[in-house]
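The topics are grouped below.

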Amino acid sequence: MEDEPVNIREYEEIAKQVLPKMIFDFYNGGAGDEYTLRENREAYKRIMLRPRILVDVSRIDMSTTLLGYKMQSPIMVAPTARHKYAHPEGEVATARAAAACNTLMVLSFGSSRKIEDVASSCNAVRFYQLYVYQKREVSATLVRRAEEYGFKAIVLTVDTPRLGRREKDIKNKFILPQLSNLEGLVSVDVGPVSGKRGSDLEAFASQTLDPSLCWNDIEWLRSITSLPIILKGIITADDAIKSVEMGVSGIVVSNHGARQLDYSPATISVLEEVVKAVSGAVPVLIDGGIRRGTDVFKALALGAKAVLVGRPVLFGLAAKGEKGVKSVLKMLQGELELTMALCDTTSINEITRKHVQTEGDRIR
Ligand code: FNR
């Protein structure tokens, strides 16, 4: 029997071996030069931990709440598209794994399983991620379906007025199957893939995504749903303040896993700025480059309420289906618990700014 993976890096290796190159590149790639993709990881490595000593850490409680919903740990599943590329059960397997780990999953608009199938797969609290389409009625229909099937919040992704330039997908002539939740709602001509064409995803996005989406449209969204709205894709203090003024219920500091604007800053490097600007008005979440429990701890120390992981979940799913996603989430939870113990913190709210040293701290 092969050795069990001991970290996320090893899950990534397995995913690379088992997935066709086009799919692995789609999952793992970023925009442009992939500078931000590397920075999302590297910026975590530049933050050091400052443990305290001689505290009783025989019991560690990692639990936390978000919008009133309890989670076993502050590690959530980020919305990522097309899980069926990784495993035939797709998002249903991911949803079951998230539920088994008592954590919250955000289902992607680009899910390869129907909202109804995910909802009926198991009992759990879930959020629904939304893109706004040129045909507003498409997005409105999906919001209504998510609400009807028990999703508890809408996570509106605001960093994608157009699709980032993902050169690996262009090179691989990435093929996009019909998105299951859009059946009967959208017919887009992406045409047959020929040697001259780039990625199908790019063609699909340019014919569907609404580049005119703006702040006023938060009101539109509020008019069609009573669910709380979380904005995903904020990376500046100004936009964070504006979000709070617009009455949203939460913010995700995200650069879309470096798949949109290359040379945007690593998310962990701007988290503190956003947290300060929001000053406790709404929970601030973060994603991008989180591969270790120590990364989660650092994000919490810099003010995040919780974190979301994207690619690690896909790697786990590709490697071992539901079991793999569960293993990835448990691995991160275990690493966070150990970090908390070694930093002498026994609950999430004991993790403070004093537990980390950033580059800025060293210069001062
Ligand atoms: C994503 N992401 C994403 N975000 C979103 O709002 N809607 C979506 O459909 C998708 N789809 C998607 C597909 C794939 C393959 C990836 C890798 C990412 C972005 C995702 O929610 C999250 O912001 C990043 O994945 C976080 O970075 P890490 O954890 O992957 O480094």
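In this predicted model, Tyr131 touches Phe109, Ser139, Thr157, Thr160, Leu209 and His256, not counting residues up to four places away in sequence. Tyr131 is found in the loop between β6 (126-130) and α6. It is one of the positions that an unreviewed UniProt entry marks as "binding site".

**Annotated positions and the largest cavity**

- The unreviewed UniProt entry places the feature "binding site" at Tyr131, Arg166, His256 and Arg259.
- Of these residues, Tyr131, Arg166, His256 and Arg259 are included in the lining of the largest cavity.
- Tyr131 has a relative accessible area of 18%, so it is buried, the cut-off being under 20%.
- His256 is found in the loop between β9 and α11, and at 12% relative accessibility it also counts as buried.
- Leaving aside neighbours within four places in sequence, His256 is in contact with Tyr131, Thr157, Asp159, Thr160, Arg166 and Lys232.
- With one of these residues, Asp159, the side chain of His256 makes a polar contact of 2.8 Å, side chain to side chain.

**Nonpolar cores**

- The largest nonpolar core has 98 residues, of which Tyr128, Leu130, Tyr133, Ile268, Leu271 and Ile286 touch the most other members.
- Helix α13 (residues 311-342) supplies the largest share of this core, 13 residues.
- Apart from it lies another core, of 14 residues, among them Met71, Leu104, Ala153 and Val252.
- Tyr128, leaving aside neighbours within four places in sequence, has contacts that include Val106, Leu107, Phe109, Ile115, Leu142, Phe151, Ile154 and Val155.
- Ala153, a member of the 14-residue core, is also among the contacts of Tyr128.
- In soluble globular proteins, nonpolar side chains tend to be buried together.

**Helix α10**

- In helix α10 (residues 237-245), the buried residues are Ala237, Ala240 and Ser243.
- Viewed down the axis of α10, these buried residues fall within an arc of 120°, so they line one face of the helix.
- The buried residues of α10 pack against β8 (229-234), β9 (250-253) and α11 (267-278).
- Exposed Asp238 and Glu245 are carried on the face of α10 turned away from its buried side.
- Gly247 follows α10 and has a positive phi, near 80°.

**Arg145 in helix α6**

- Arg145 has its place in helix α6 (residues 136-148).
- Although it is an arginine, Arg145 is buried, with a relative accessible area of 17%.
- The side chains of Arg145 and Glu116 are joined by a polar contact of 2.8 Å.
- Leaving aside neighbours within four places in sequence, Arg145 is in contact with Lys114, Ile115, Glu116, Asn181 and Leu185.

**Phe26 in helix α2**

- Phe26 lies in helix α2 (residues 21-28) and is buried, with a relative accessible area of 4%.
- Phe26 and Ile170 are 144 residues apart in sequence, while their C-alpha atoms are 9.9 Å apart in space.
- Not counting residues up to four places away in sequence, Phe26 touches Ala81, Arg82, Tyr85, Asp169, Phe174, Leu201 and Arg259.
- Of these contacts of Phe26, Arg259 is one of the positions with the UniProt "binding site" feature.

Key:
Residues numbered from 1 in each chain as written. Predicted model: local features only at pLDDT ≥ 70, side-chain atom pairs only at ≥ 80, totals over all residues. Heavy atoms only, no water. Helix = DSSP H or I, 4+ residues; strand = E, 2+ residues; numbered from the N terminus. Buried < 20%, exposed > 50% of the residue type's maximum accessible area, 1.4 Å probe, protein only. Polar contact = N/O pair within 3.5 Å; in protein donor to acceptor, adjacent residues only side chain to side chain. Contact = heavy atoms within 4.5 Å. Arc of directions from axis to C-beta. UniProt positions renumbered as here; feature names shortened; annotations may be inferred. 1 Å grid on protein atoms, 1.4 Å probe; cavity = no way out; pocket = protein on both sides within 12 Å on 5 of 7 lines; lining within 4 Å. Core = buried A, V, L, I, M, F, W, Y, C linked by side-chain atoms within 4.5 Å.
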